[in-house]
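Please read the following report alongside the sequence and the model. It takes up the sheets, then the helices, and then a single residue.

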Amino acid sequence: LPQVLNPASGFIQNGNSSPFQTTIGPENPDPADYSPTLGIETGMSNRALRALELFGADESITAEEFQTYKFDMVYSANSDIPRYVEAILSAPELESADAATQEAVALLRDWDQQTDPDSRATALMVLTLNYVNDHGHVNPSKLVGAEIDRAVVVQGFQEAVATLQENFGQVDVPWSEVNRLVRGAADLGLGGAPDVLHAVYGELGEDGRFHGIAGDSYILLVSWDANGQVSSQSIHQFGSATLDETSPHYADQAPLFVRRELKPVWMDEATIRANLERAYRPGE
């Protein structure tokens, strides 16, 4: 199997992507060394592209920078997203469209390809991808290297405009109003999107909002100091009581998750006891 061991770059990554582009530099496995009959993945995802771009350009990464990179919400210039945008911007049939469509085109023209919660163009693109996917023309988990049918993309864009108009009365809707984490009584807006490092995949509801169903979930970051002392932080998109709707921990981590914050993982007995919610013996 393709393997990379302690590369000089100092990092390895994989985002449902080719092991032949695991890191930067000459230490990636050589495809010529492996028979094509093995069926080894050769495609890349936006997540993999962004990981290579972020980690590959930074020779000294702090723990804080690492966390920022993990929650990156950007589509790479080398992903399919700019091609989808260009297909829309160059569509002659949209030049004489109604005012809402013209406004939507202008939003995409100025979009920085970031999917942060406040973005007012992301909803247009993700809805477009949703409708293009419905027509069988896009893989939302790997937005790199697709064959783009301009007519299908334009149709999906028009459907996206109609959805926003119908459900929100406007096309420049903040992404967090459309992209939602729903769990019990919690209904929270968040950033992230399909195939970004802060991956959030939603199912489109009748209310025109995406309800998150996949993507980022349990996240654990571990670090060691110069003396080898380990510390870690984690977050779960819901909470620790995943099956008990009556528990206060059914969705209590969700507010932290949508803010892209982590909580400490307590490792030693003294710290655990200092933060106990309840102490009991089994059977009591």
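## Sheets and helix packing in a predicted model

Three strands, in the order β5-β6-β7, form an open sheet whose pairing is antiparallel. In this report two strands pair if DSSP finds at least two bridges between them, and helices (H or I, at least four residues) and strands (E, at least two) are DSSP runs numbered from the N terminus. The structure is a predicted model, in which local features need pLDDT of at least 70 and side-chain atom pairs count only at pLDDT 80 or more, while totals for chains, interfaces and linings use all residues. Residues are numbered from 1 along each chain as its sequence is written, and side-chain values use heavy atoms, with hydrogens and water left out.

The edges of this sheet are β5 (219–224) and β7 (263–264), each of which pairs on one side only. Strand β6 (residues 230–235) runs antiparallel to β7 and is joined to it by 2 bridges, and serine 234 stands opposite lysine 263 in β7.

An open sheet of 4 strands has the order β2-β1-β4-β3 with mixed pairing. Its edge positions are taken by β2 (186–189) and β3, each with a single partner strand, so one side of each is left without a neighbour in the sheet. On average, neighbouring strands here are turned by 45 degrees against each other, direction ignored. Between β3 and strand β4 (residues 210–215) the pairing is antiparallel and extends over 5 bridges, with leucine 204 opposite phenylalanine 210 in β4.

### Helices

The protein has 9 helices and 7 strands. Two packed helices are described by the angle between their axes and the distance between the axes. The axes are lines fitted to C-alpha atoms, for helices over the stretch in contact, and the angles run from 0 to 180 degrees between N-to-C directions.

| Helix pair | Angle between axes | Axis separation |
|---|---|---|
| α4 (residues 99–109) and α6 (residues 150–168) | about 110 degrees | 10 Å |
| α3 (residues 81–89) and α4 | about 145 degrees | 10 Å |
| α3 and α5 (residues 122–134) | roughly 90 degrees | within 11 Å |

How are α4 and α6 oriented to each other? They are roughly perpendicular, where angles under 35 degrees count as roughly parallel, over 145 as roughly antiparallel, 65 to 115 as roughly perpendicular and the rest as oblique. α4 passes α6 in a right-handed crossing; a crossing is left-handed if the near helix is turned anticlockwise from the far one by less than a right angle, and right-handed if clockwise. On the α4 side the contact is made by Ala100, Thr101, Ala104, Val105 and Leu108, and on the α6 side by Phe157, Val161 and Gln165, contact meaning heavy atoms within 4.5 Å. These residues divide into 6 nonpolar, 2 polar and no charged, where Ala, Val, Leu, Ile, Met, Phe, Trp, Tyr, Cys and Pro count as nonpolar, Asp, Glu, Lys and Arg as charged, and the others, Gly among them, as polar.

The crossing in which α3 passes α4 is left-handed. Val85, Ile88 and Leu89 of α3 make this contact with Val105, Leu108 and Arg109 of α4, and by class the contact has 5 nonpolar, no polar and 1 charged residues.

α3 and α5 are roughly perpendicular to each other. Ile81, Tyr84, Val85 and Ile88 in α3 meet Met125, Thr128 and Leu129 in α5, a contact with 6 nonpolar, 1 polar and no charged residues.

Helix α1 (residues 46–56) has 9 of its 11 residues buried, so it is largely enclosed by the rest of the structure; buried means under 20% relative accessible area, exposed over 50%, and partly exposed in between (1.4 Å probe, protein chains only). Among the buried residues of α1 are Asn46, Arg47, Arg50 and Phe55, and the buried residues of this helix pack against α2 (63–70) and β3 (200–204).

### Leucine 220 and the whole protein

Leucine 220 lies in strand β5 and is partly exposed, with a relative accessible area of 42%. Not counting residues up to four places away in sequence, leucine 220 touches Ser232, Gln233, Ser234 and Val265.

Buried residues make up 43% of the 284 residues in the protein, and the C-alpha trace spans about 70 × 55 × 35 Å along its principal axes. Of the contacts with a separation of 6 or more, 59% are accounted for by residues 24 or more positions apart.
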